[in-house]
Structures are given as structure tokens and as C-alpha cells.
Amino acid sequence: MSFFGLPASSRPAIHEEIFTLLYYGKGGFTHTEVYDMPVYLRRFNLKLLEKTVKQENEAQKKSASK
């Protein structure tokens with residue numbers, strides 16, 4: 001580990017966050033944008049994405065039960 005770098009054990013989690021934003025973000029971000037995004041902003045977008053997907057799933061369940 002370098003002074004300013006993250007340990008190699010953190011890389012899978014970082015790349016999973018990047019993949020999630022790219023895959024479920026429906027083309028809203030490029031890989032470079034997400035990779036260079038500050039951590040707090042990447043986490044904010046992940047939480048917002050999670051909230052949106054939950055709302056969509058609930059709306060779909062509600063319409064299917066009618």
C-alpha cells in the first residue's frame with residue numbers, strides 16, 4: 001500500500017460500486033466519470049439508485065396485484 005493509495009483488498013468493493021452505477025444507471029454515467037467521482041458522491045448516487053429501484057419494484061407489485 002502506498003501512502004495515498006488504498007489497499008488492494010478494497011479494489012473489489014470499489015469496482016462493484018462502479019459496475020452497479022454503470023449497469024443500473026442506464027447509461028447516465030461513463031466508467032471514467034464514476035471512477036473519478038468522489039467517494040461521497042458515488043455513495044450518494046448508489047443510495048439514490050437503491051431507493052429508486054425499491055420504489056419501482058413496489059409500484060410494479062402494486063399494479064400487478066390489481
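Colleague: Leaving aside neighbours within four places in sequence, which residues is Asn45 in contact with?

Modeller: Contact means heavy atoms within 4.5 Å. By that rule, and with those neighbours set aside, Asn45 touches Leu21, Phe29 and Met37. This is a predicted model, in which local features need pLDDT of at least 70 and side-chain atom pairs count only at pLDDT 80 or more, while totals for chains, interfaces and linings use all residues. Residues are numbered from 1 along each chain as its sequence is written, and side-chain values use heavy atoms, with hydrogens and water left out.

Colleague: Is Asn45 buried or exposed?

Modeller: Buried means under 20% relative accessible area, exposed over 50%, and partly exposed in between, with a 1.4 Å probe and protein chains only. Asn45 has a relative accessible area of 16%, so Asn45 is buried. Asn45 lies in helix α3; helices are DSSP runs of H or I with at least four residues, numbered from the N terminus. Arg42, Leu46 and Leu49 of α3 are buried too, and the buried residues of this helix pack against α1 and α2.

Colleague: How are two packed helices described?

Modeller: By the angle between their axes and the distance between the axes. Axes are lines fitted to C-alpha atoms, for helices over the stretch in contact, and angles run from 0 to 180 degrees between N-to-C directions. Here the axes of α1 (residues 11-24) and α3 (residues 39-65) come within 10 Å and cross at roughly 50°. Angles under 35 degrees count as roughly parallel, over 145 as roughly antiparallel, 65 to 115 as roughly perpendicular and the rest as oblique. The two helices, α1 and α3, are therefore oblique to each other.

Colleague: Which residues make that contact?

Modeller: On the α1 side they are Ile14, Glu17, Thr20, Leu21 and Tyr24, and on the α3 side Arg42, Arg43, Asn45, Leu46 and Leu49.

Colleague: Where is Met37 found, and what does Met37 touch?

Modeller: Met37 is in the loop between α2 and α3. Not counting residues up to four places away in sequence, Met37 touches Phe29, Arg42 and Asn45. Its relative accessibility is 11%, so Met37 counts as buried.

Colleague: What is the phi of Lys26?

Modeller: Most residues other than glycine have a negative phi. Lys26 has a phi near 55°, a positive value in a residue other than glycine. Lys26 sits in the loop between α1 and α2 (31-36), and is exposed, with a relative accessible area of 71%.
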